[in-house]
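The sequence and the model are shown first, and the description follows.

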Amino acid sequence: MPGAECQVPNDGSVTGAAGVPQSTIRDPQSTIPQETFVLNLGPQHPAAHGVLRVLMTMDGEWITRAEPVIGYIHRMHEKMGENRTWAKFLPNTSRIDYLSAMHYTHAFVGAVERGAKIEVPPRAEYLRVITSELNRIASHMVWWGALLSDLGGLTPFLYAFDDRELILDLLEGLCGARLTYCYYRFGGVCNDADDDFLRGCRQFVRHMPARLKLYHDLVTGNIILRKRLEGIGPISAEMCRKYGATGPVIRGAGVAYDVRRVEPYSIYPQFDFEIPTFPQGDSMARYLVRMAEMEQSLRIIDQALDKIPAGPVMGKVPRVLRLPPGDYCYAVEAARGRFLVRIVSDGKDVPYRVRLRTPSFSNLSLFEEASRGMILPDALAMMGTLDLVIPDIDR
Amino acid sequence: MNPTLEQLCEQFGRLVGPAPAASAAPAAPPAPGPVQRTDHAAKGYDLDVSVAPLQVVMAAEILDRSGFGLDAVTGVDWLAQGQMEVVYDYFHPTTPLRVAVRTRVPRAQPEVPTITAIFPGANWHERETHDFFGLVFTGHPNLKPLLLPEDATFHPLRKDYQS
Amino acid sequence: METQVDTSKIVKFAKLEDVLALGRAYSLWPLTFGLACCAIEMMATGMARWDLARFGAEVFRPSPRQADLMIIAGTVNKKMAPAVKLLYDQMLEPKWVMALGNCAISGGPFVYPGQYAVVEGVDQLFPVDVYVPGCPPRPEALIEGILKLEEKMTGKRRFPVAKLQK
């Protein structure tokens with residue numbers, strides 16, 4: 001653990017250190033009049049990471065029940081999948097979770113390629129892996145800045161976005177967009193990468209480890225952060241399995257579940273990378289998982305830049321794409337967890353049903369049970385480490 | 001514990017019973033049985049189980065005992081056939097196995113028992129499927145709208161939905 | 001003999017409204033109201049590279065009572081519309097609204113015949129002062145929107161518009 005020389009007293013109880021007044025409702029001996037009130041963490045709140053509403057029944061500062069209310073950014077993605085052709089749905093995929101847009105496009109494109117049996121040339125696969133991992137780092141940078149801003153540290157946000165701008169410049173040179181790229185196509189990618197892009201990626205991979213070390217030195221070992229995150233918000237592996245929580249949530253609970261390793265897709269089996277897993281199950285574990293994941297992504301990009309072959313970037317795709325009737329699934333490891341696309345085709349050029357199983361939906365569904373009995377700031381710290389993007393939940 | 005496909009096939013086979021008899025016409029292909037192995041590379045899942053609506057709870061129990069986690073609950077509206085289909089996807093955290101359990105209900109009376117008691121994560125998935133299709137998950141503790149406004153009475157993903 | 005002092009070199013006279021408009025324009029306090037993807041570009045504009053602080057508009061206020069510019073960054077839903085209207089009503093006069101991104105202008109890419117959930121443009125709820133198109137608009141576009149709003153408030157544009165060299 002970084003900063004191991006400072007002793008952090010951690011009695012592991014959710015009510016924090018001794019001396020803090022306990023909840024009166026949970027104390028049956030208490031003679032203080034007992035009453036709960038409902039606090040509305042409204043759809044507009046700086047810590048809500050978007051339009052999430054949480055109805056919190058509170059006893060003082062303790063949460064007796066936190067019920068998330070969602071749907072405030074429901075943008076009808078699944079319905080839109082049914083009234084446009086396969087290719088016209090691609091811009092939607094970037095906007096489901098805009099912070100890791102490449103992964104989401106990858107899943108939809110992969111599902112269609114599975115159904116229509118389209119071959120993807122190797123150079124396109126390498127470009128997909130490089131851009132996906134760059135996107136993962138960019139997403140984790142936003143997560144890191146937002147989590148620390150929720151905890152009260154406003155400076156890391158500036159550092160995180162500074163590094164993120166380097167990634168965005170690379171991806172903008174490649175596909176023209178900064179945030180909602182629509183870079184992958186059925187059968188490959190739409191644009192080949194030039195030497196500028198590959199050289200820029202190499203420079204970024206060399207530049208980033210020193211920055212990550214800076215973040216660890218300044219933030220991860222910081223006593224305030226450690227007191228805010230260690231022992232806070234325990235989520236067990238069994239709870240993750242029951243709710244379907246994936247990604248850093250389940251890896252921070254000790255289970256090394258990463259779709260890239262357990263259910264490999266694309267060319268990930270060719271790369272040598274670790275799946276960072278921490279067994280404690282608390283917010284600090286989830287924090288460390290994401291920080292370590294950024295280092296592993298840099299490793300993957302480095303190896304991909306070494307091995308990327310020359311060649312075409314688009315395979316053969318029929319003019320009018322029709323998939324054989326049936327259903328097809330494709331799962332990717334997005335920045336937030338497992339993203340699954342299930343498409344049902346009836347043989348036409350328009351999908352019959354597009355189901356998007358998003359990681360933040362399952363990750364948030366355990367919030368009600370996991371936050372019972374916590375004080376409000378701890379619950380918000382836990383929500384920050386769940387890394388929610390609300391349009392990902394509402395689709 | 002790491003389950004194998006054989007164990008699952010055997011347990012599901014006991015749940016759903018034997019495959020239906022071959023059809024009378026000699027040239028027709030054999031009807032697919034209720035428990036089918038599929039090619040992961042072609043479909044994305046390994047086992048495809050068709051159950052009766054009342055058997056989804058026992059199917060969920062089989063998968064829970066084998067260590068699976070709930071991935072998604074998908075509703076599909078087959079308007080032409082007058083049926084609605086519910087597909088439950090399950091993933092396993094340590095093996096690459098993926099199982100899809102599907103069931104069909106008539107459109108006129110779309111009721112399926114809830115699996116919330118086994119997988120609490122199904123609470124939200126079933127609420128969303130109810131929102132979009134009007135499928136009623138009997139025994140669900142809280143079947144209020146999740147993604148649509150609280151007072152919504154329409155079910156937008158039905159094929160006969162007109163706004 | 002006393003030398004005559006040209007007072008216009010020492011003292012300037014102006015209408016109070018103009019001075020107030022100058023003060024308001026150069027210190028807009030936006031409301032943190034990021035709804036969706038455009039919110040990330042709005043955050044990027046407030047960060048070190050694009051630096052909205054140069055224009056005085058970096059102090060994002062979480063409370064509508066303390067903000068005077070509402071930047072609608074993202075799609076407005078029919079479920080969210082009452083909350084947006086409530087926030088607009090809670091802001092004190094004088095207040096301005098910027099519709100950032102295609103969704104806030106007209107519903108954006110989510111409008112299709114028979115759509116059921118998206119409000120087609122936030123100007124259906126209340127008047128909008130500046131429209132910034134894009135999906136999402138670049139941070140420079142947001143800054144240009146702020147400059148256009150300043151021009152609307154003061155009558156003069158603070159920074160020249162870049163012209164292509166012939």
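## Interface between chains A and B

In this predicted model, chain A and chain B bury about 3,700 Å² between them, and carbon and sulfur atoms give 54% of that area. Buried area is the accessible area (1.4 Å probe) that two parts lose on being put together, summed over both. R241(A), K242(A) and Y352(A) supply 18% of the area that chain A buries against chain B, more than any other three residues. In terms of contacts (heavy atoms within 4.5 Å), 41 residues of chain A meet 50 residues of chain B.

This is a predicted model in which local features need pLDDT of at least 70 and side-chain atom pairs count only at pLDDT 80 or more, while totals for chains, interfaces and linings use all residues; side-chain values use heavy atoms, with hydrogens and water left out. Residues are numbered from 1 along each chain as its sequence is written, and chains are lettered from A and ligands numbered from 1 in the order in which they are written.

## Chains B and C

Helices (H or I, at least four residues) and strands (E, at least two) are DSSP runs, numbered from the N terminus. A residue is buried when its relative accessible area is under 20%, exposed when it is over 50%, and partly exposed in between (1.4 Å probe, protein chains only). The table sets out the two chains by these terms.

| Chain | Helices and strands | Residues | Buried share |
|---|---|---|---|
| Chain B | four helices, seven strands | 163 residues | 56% |
| Chain C | five helices, four strands | 166 residues | 46% |

From the N terminus on, the elements of chain B follow the order α-β-α-β-α-β-β-β-β-α-β, and those of chain C the order α-β-α-β-α-β-α-β-α. Among contacts in chain B with a separation of 6 or more, 56% are between residues 24 or more positions apart. In chain C, 75% of the contacts between residues at least 6 apart in sequence join residues at least 24 apart. The C-alpha atoms of chain C fill a box of roughly 85 × 45 × 30 Å, taken along the principal axes.

The predictor's confidence in each residue is its pLDDT, from 0 to 100. Chain B averages 86, and 89% of its residues score at least 70.

Two strands are taken to pair if DSSP finds at least two bridges between them. In chain C, four strands form an open sheet with parallel pairing, in the order β1-β2-β3-β4. Because β1 (30-31) and β4 (130-132) of chain C stand at the edges with a single partner strand each, one side of each is left without a neighbour in the sheet. Strand β3 (residues 96-100) of chain C is joined to β4(C) by three bridges, and M98(C) stands opposite V130(C) in β4(C). Helix α2 (residues 37-46) of chain C packs on the sheet, where it touches β2 (69-73) and β3 of chain C.

Y88(C) belongs to helix α3 (residues 81-90) of chain C and is buried, with a relative accessible area of 13%. Leaving aside neighbours within four places in sequence, Y88(C) is in contact with M70(C), K95(C), V97(C), F126(C) and P127(C). Of these, F126(C) is 38 residues away along the chain, and its C-alpha atom is 8.0 Å from that of Y88(C).

## Sheet and helix of chain A

An open sheet of three strands in chain A has the order β6-β7-β8 and antiparallel pairing. β6 (326-334) and β8 (353-357) of chain A stand at the edges, each with a single partner strand, so one side of each lacks a neighbour in the sheet. Nine bridges link β6(A) to strand β7 (residues 337-345) of chain A; Y330(A) has V341(A) as its bridge partner in β7(A).

Helix α14 (residues 376-386) of chain A is mostly covered, with ten of its eleven residues buried. Among the buried residues are L376(A), D378(A) and L386(A). D387(A), which follows α14(A), has a positive phi, near 55°.

## The nonpolar core

A nonpolar core is a set of buried Ala, Val, Leu, Ile, Met, Phe, Trp, Tyr and Cys residues joined through side-chain atoms within 4.5 Å. The largest one holds 232 residues, of which F197(A), Y287(A), M70(C) and I72(C) touch the most other members. Helix α4 (residues 122-151) of chain A gives the largest share of this core, 15 residues. Not counting residues up to four places away in sequence, Y287(A) touches W143(A), W144(A), L147(A), V219(A), T220(A), L225(A) and L229(A).

Technical notes:
Axes fitted to C-alpha atoms, helices over the stretch in contact; angles between N-to-C directions.
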